[in-house]
Amino acid sequence: MNELDRAAAKLGVHRIAVPIPFLHAGGPANVYLVEEEGDGLLLIDSGLATAEGAAALDAGFQRLGFRYEQVSRIVVTHGHVDHFGGARHVQGRAGREVPVLAHPLDAPKLTAGGWVFHEHASALARHLVRLGTPEEVAALALEVGAPAFEIAPPVARTEPLAGGERLRGRRVELRVLHAPGHTPGLIVLHDEEHRLLFSNDHLLERISPNPLIDLGPEDAPGWFRPLVAYERSIRAVHALELDGVFPGHGPPFADHRRVIDSLLAFQHRRQGRILAHLAERPHTAWELTRELFPKTGAAELFLTLSEVAANLEAMEARGEVLRLEGEPWRYGPAR
């Protein structure tokens with residue numbers, strides 16, 4: 001617990017760190033308990049209820065002196081398993097179907113009958129091949145990555161949070177801001193009075209959020225350009241006046257503009273390396289991935305290929321690179 005944690009506790013906001021089995025996520029997933037008027041609790045995210053994760057969540061409630069029966073609602077900031085994967089555990093411990101709130105663009109990823117990885121795996125494989133990945137490598141990458149999408153049980157239903165809503169706690173008021181990038185439906189929560197932001201994976205202090213390939217409900221390439229969206233929404237966060245950022249992984253931190261400036265500078269340097277490779281000859285995203293991440297294994301391929309593809313989309317949107325005709329997709333510098 002650091003100084004920002006202690007200051008938040010005085011406002012009725014408490015953090016529980018929940019271990020997760022993903023090495024590249026940036027550490028345990030944070031679950032925030034926000035005290036409401038009366039005896040209620042609002043949860044921001046729910047972690048992932050593996051045996052270890054569920055035990056950590058249970059211990060956190062006990063340490064803080066709260067009961068699951070107090071939870072009135074669960075706000076899921078985005079549709080990744082380490083943020084919604086404990087919701088069913090919370091509902092089970094509470095003994096009722098605690099309402100789950102999420103943005104409509106991400107809600108299918110956590111709702112029963114919604115987006116299911118294995119139903120879209122063939123379309124994802126075709127897209128990886130379109131990006132230049134050998135067919136057998138694409139198939140292996142998705143086979144290895146499948147458990148990360150399917151490890152968490154979905155909830156029965158969700159209620160929409162589209163942006164602009166205000167969620168009232170006992171001492172804080174959280175305004176919902178849609179901040180697409182890491183996922184299409186990611187939201188952050190802003191307490192303007194106390195200058196706090198619950199940023200989940202939109203802004204992390206020590207790692208850059210991964211702009212994952214997302215083909216949308218119709219498996220359409222180009223449906224969502226994560227880094228194009230992210231650069232716009234992170235600049236909106238840059239403009240906020242903040243004293244503390246409460247991320248999805250790692251301890252709270254201050255000086256958000258320094259962190260964002262550093263992140264954007266890092267992206268600019270990576271895009272400079274991409275341009276240098278393209279100046280030599282046209283490349284596919286797969287070829288660039290092999291150049292930029294030469295030690296990437298099958299377990300990391302979807303992440304690194306997503307990173308490169310998203311940077312190419314952002315550079316194309318700015319007119320710096322061109323996608324050439326035909327498949328696999330190759331890119332060259334704009335003339």
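Student: Does Val 137 count as buried, exposed or partly exposed, and why?

Tutor: Buried means under 20% relative accessible area, exposed over 50%, and partly exposed in between (1.4 Å probe, protein chains only). Val 137 counts as partly exposed because its relative accessibility is 25%. This is a predicted model, where local features need pLDDT of at least 70, side-chain atom pairs count only at pLDDT 80 or more, and totals for chains, interfaces and linings use all residues. Residues are numbered from 1 along each chain as its sequence is written, and side-chain values use heavy atoms, with hydrogens and water left out.

Student: Which residues is Val 137 in contact with, leaving aside its neighbours within four places in sequence?

Tutor: Contact means heavy atoms within 4.5 Å. With those neighbours set aside, Val 137 touches Trp 286 and Leu 301. Leu 301 lies 164 residues away along the chain, yet the two C-alpha atoms are separated by 8.9 Å.

Student: Where is Val 137 placed?

Tutor: Helices are DSSP runs (H or I, at least four residues), as are strands (E, at least two), numbered from the N terminus. Val 137 sits in helix H6, residues 135–150.
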